[in-house]
Amino acid sequence: MGTHLHLFRRGNVFYWRRRLPGFSPENSTLQLSLRTEQRPEASILARKLTAESDRMFDAMSRDLLSVEDARAWLRHVINDELARMRRVALVTRMDPVGPSEGDRRADWATAQAWKLMAEFGPRAEISQTVRERLRDEGASERDLAVLEGSLDIYCQDILSEPRMNRMASNFKQLTQREKRPSTTELLQLRRLLIEGKAAAQAQRGTAALEPEGEIARDLAEHLCREMAAVERTAWFGPTGAPSNPVASMAPPDSLSSGNDGFHVPSRPTEVPEDSETYDPSLLATVARLNLAKMEQQKEETGKERVPETMAKLRRVTAKLFLLITGVEDLRQIRPAHLSRFRDMLHKIPKSWGKGPNDATMTWEQVIARAKTLPPAKVGLAISTINRHLDVLAQILERAEEDGIEVDPKLKPKKLRLREKKRSRDKRIGFSETDLNRLFRHTIWTGCKSARFRNTPGTRVIKDGLYWLPLIAAYTGARREEIAGLQPSDIREESGIPYFDIAENENRGVKTLAGERRIPIHDRLIALGFLDHVEAMQRRKAQDLFPELRPKGHFKGKL
């Protein structure tokens with residue numbers, strides 16, 4: 001039905017659906033409900049959406065990486081992954097911790113996880129077909145269990161906002177760009193990163209990754225030939241037996257370089273001391289990480305002041321880890337400390353950190369306080385525990401970058417807990433009865449005056465209190481995204497007015513995907529929303545809903 005319009009009907013309602021041309025490795029189709037049962041109206045909307053999507057796809061096709069930039073990025077990813085694998089292999093071989101079978105299984109799982117992501121995208125899963133294929137290749141059930149955990153961790157990481165920000169920053173530094181890569185370029189960078197890591201992992205166990213043995217054998221053969229040559233010269237000389245063979249014997253210092261390019265010094269070369277050493281303490285590392293992240297945010301946003309939400313979370317995580325484990329030196333942290341940290345987060349009060357005396361409490365006092373509370377008020381939420389583990393992983397990664405020797409077995413993200421419910425199922429949605437009760441309030445049916453909004457009357461005041469719940473109901477946008485709208489955020493393209501949800505002077509966006517365009521529903525237009533926008537534009541107002549600007553103790557939030 002109407003395939004040229006990408007139009008179809010489900011039940012009585014018309015929908016628009018179109019296949020994506022391959023820019024995104026995550027979704028293959030784009031589908032929207034047109035919220036109408038009338039075919040003529042649906043056809044008009046479908047034509048507009050098709051025209052807009054054509055323009056969008058054309059712009060995306062022009063906004064791709066150049067061949068040179070793509071090649072440079074892929075080379076950077078592969079070199080970085082190979083170097084990391086060599087370091088890990090060297091540490092594991094020279095200072096093994098635990099059975100080698102566990103290391104083999106972890107290495108296999110890492111290589112397979114990146115291979116599956118390269119094959120199926122960053123939301124890869126282990127299907128029954130993949131399980132059977134791996135079993136045929138000799139994988140055990142324990143191997144598959146480790147792979148499933150590794151794949152989950154890598155998928156979460158590659159889709160996370162911090163990973164996207166690191167990719168953007170690294171690419172800017174690599175190519176000497178001034179501007180942040182576009183969304184399309186970031187998707188391409190992510191795809192190349194997955195392919196590069198999968199290709200590097202495929203080299204695991206080859207001579208290219210562990211060349212020391214082959215180099216040592218070649219060097220030993222070379223030295224033997226040189227020593228034999230020296231001995232022959234000492235005994236026989238260049239034209240015969242020398243008169244003083246001992247005096248003519250060349251000392252070992254004469255061994256320098258041969259045709260194969262190896263240089264063998266007469267004594268060990270002195271390694272210069274590091275020009276700068278970093279404090280290995282937990283809190284000092286957090287301070288350096290926070291400073292680097294803030295500088296990065298300032299560079300990316302061009303703003304001198306940036307939110308400190310994540311900086312505060314890192315400090316809280318560090319203090320909480322110190323409180324539970326008592327380990328301050330990052331070099332002394334072991335996997336058992338991470339497990340204890342995660343397990344103890346289930347036993348502290350949910351309100352820990354919010355009271356003025358929490359910072360001075362000992363661990364014994366925290367536990368004693370938890371025992372006085374009902375079970376419902378004890379234990380952090382799974383999402384909060386996972387967030388602390390993610391932050392701990394960031395801190396350890398920063399320590400490694402600073403040259404601090406961190407136990408390579410520390411993998412905080414592998415300790416993440418699975419949510420028992422999906423995020424959308426945690427909160428009960430509004431029923432039709434709830435919505436009817438809400439919108440029968442005097443704000444929409446008529447109030448006495450602006451001062452007495454709860455008193456029934458004849459005035460309908462179309463301000464922020466009136467529009468915000470309606471916009472939320474028709475768009476699903478967050479409260480602060482709506483409350484922070486400015487008149488310039490309401491735009492029109494190809495005859496379709498829309499909300500441009502992006503960072504502005506009032507608020508930022510939570511994630512990269514948070515920047516989006518949302519068409520304005522016909523019902524909002526019929527209620528006079530565009531008239532309200534025009535009125536705010538004529539007044540040259542800074543805010544679309546100035547009455548929602550905070551006052552008093554609400555300062556800082558819209």
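Predicted model: local features only at pLDDT ≥ 70, side-chain atom pairs only at ≥ 80, totals over all residues.
Residues are numbered from 1 along each chain as its sequence is written, and side-chain values use heavy atoms, with hydrogens and water left out.

For the terms, I noted that strands (E, at least two residues) and helices (H or I, at least four) are DSSP runs, numbered from the N terminus. Two strands pair if DSSP finds at least two bridges between them.

**Entry on β5.** I found that β5 (residues 496-501) pairs with β6 in the antiparallel sense over 4 bridges. Tyr 498 stands opposite Pro 519 in β6.

**Entry on Asp 489.** I located Asp 489 in the loop between α19 (479-483) and β4. Asp 489 is buried, with a relative accessible area of 6%; buried means under 20%, exposed over 50%, and partly exposed in between, with a 1.4 Å probe and protein chains only. Leaving aside residues up to four places away in sequence, Asp 489 touches Gly 484, Tyr 498, Phe 499, Asp 500, Asn 504 and Arg 507; contact means heavy atoms within 4.5 Å. The C-alpha atoms of Asp 489 and Phe 499 are separated by 6.0 Å, and these residues are 10 apart along the chain.

**Entry on two helices.** I then looked up α11 (residues 309-325) and α12 (residues 335-344), which pack at an angle of about 105° with their axes 10 Å apart. The axes are lines fitted to C-alpha atoms over the stretch in contact, and angles run from 0 to 180 degrees between N-to-C directions. α11 and α12 are therefore roughly perpendicular to each other, a term for angles of 65 to 115 degrees. On α11 the contact is made by Thr 317, Leu 320, Phe 321, Ile 324 and Thr 325, and on α12 by His 337, Leu 338, Arg 340, Phe 341 and Met 344.

**Entry on the whole chain.** I recorded 21 helices and 6 strands in the protein chain. Of its 558 residues, 35% are buried. Among contacts between residues at least 6 apart in sequence, 59% join residues at least 24 apart.

Notes
Parallel < 35°, antiparallel > 145°, perpendicular 65-115°, else oblique.
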